[in-house]
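Hello,

Here is the structure I promised to pass on. Please open it and keep it beside you while you read my notes below.

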Amino acid sequence: MKKKATEKVNRKIPKSKKKSSLSSSRQDPEVKIRGARPARVTDDPRFAQAVQNYEAALKALQEHKYDRAKAFFEKVTAGPSPELADRAAVHLVTCQQHLSRTSSSFKTHEEQFDYAVSLMNMGDYVSARENFDVLSRKAPKLDFVWYGMAVLNCLTGRFPEALTSLNEAIRLNPANRFQARNDGDFRSLADDPRFTELLYPDTSAEAPPEPEKWRF
């Protein structure tokens, strides 16, 4: 809990000294980390550096830059603050889990696809896109890869890219057209005429001519 700057002290202090003390406490900034005891930056330079590393690590983690975040968290765990080290250790496990799931760790394309879908369901669209991009280069003839990419593009507001990916998925496997008609992930495209045309193409020109009627 933070101490108020105007907290009274039991012992009597001359007015001149009390004023000087209040002014000093306002001028010296405090670094406050939840769960850690407040400490002044100027008191311990090592603690100040640990705070900077922790903040940089959190920023990198939010940007899904796991290599960079891991490096900063490792510095914090070796720093002088036990409280920060404990928190950094928790985040460090998260970084290591993401980094361990590299493309080389998947035995099949289907396994990596399932992993990309799980990331997408968790809202980690950046990591999901990275895996879909890898799959689209390594296995461009797998229709479900393009279908998954179409869903991801639609969820992230990339509608032209979503239509392009879905068109490729349908080209590779026409059954995807019927699946997309009932897929709620494409509801943002429901009013787009290009989406409607893609799912309900006009096949009248391809219909065989009607047989001539018998004349009597």
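Predicted model: local features only at pLDDT ≥ 70, side-chain atom pairs only at ≥ 80, totals over all residues.

Let's start with helix H2, which covers residues 45–62. It has 18 residues, and at 1.5 Å a residue they should span 26 Å.

Now look at the ends of H2. Asp-44 caps the N-terminal end. One of its side-chain oxygens lies 3.0 Å from the backbone nitrogen of Arg-46. Just after the helix, His-64 takes a positive phi of about 65°.

Which residues of H2 are buried? They are Phe-47, Ala-48, Ala-50, Val-51, Asn-53, Tyr-54, Ala-57, Ala-60 and Leu-61.

Next, the largest nonpolar core. It has 27 residues. Phe-132, Tyr-147, Leu-166, Phe-186, Leu-189 and Phe-195 touch the most other members. Helices H5, H6, H7, H8 and H10 each supply at least two residues of this core. H7 gives the most, with seven.

Take Leu-166 as an example. Leaving out residues up to four places away in sequence, Leu-166 touches Tyr-147, Ala-150, Ala-180, Phe-186, Phe-195, Leu-198 and Leu-199. Another core, of 16 residues, lies apart from the largest one. Among its members are Phe-47, Ala-50, Val-51 and Leu-84.

Last, the cysteines. Cys-95 has 0% relative accessibility, so it counts as buried. Cys-154 is buried too, because its relative accessible area is 3%, and the cut-off for buried is under 20%.

Best wishes

Conventions
Residues numbered from 1 in each chain as written. Heavy atoms only, no water. Buried < 20%, exposed > 50% of the residue type's maximum accessible area, 1.4 Å probe, protein only. Core = buried A, V, L, I, M, F, W, Y, C linked by side-chain atoms within 4.5 Å. Helix = DSSP H or I, 4+ residues; strand = E, 2+ residues; numbered from the N terminus. Contact = heavy atoms within 4.5 Å. Expected span 1.5 Å × (residues − 1). Polar contact = N/O pair within 3.5 Å; in protein donor to acceptor, adjacent residues only side chain to side chain.
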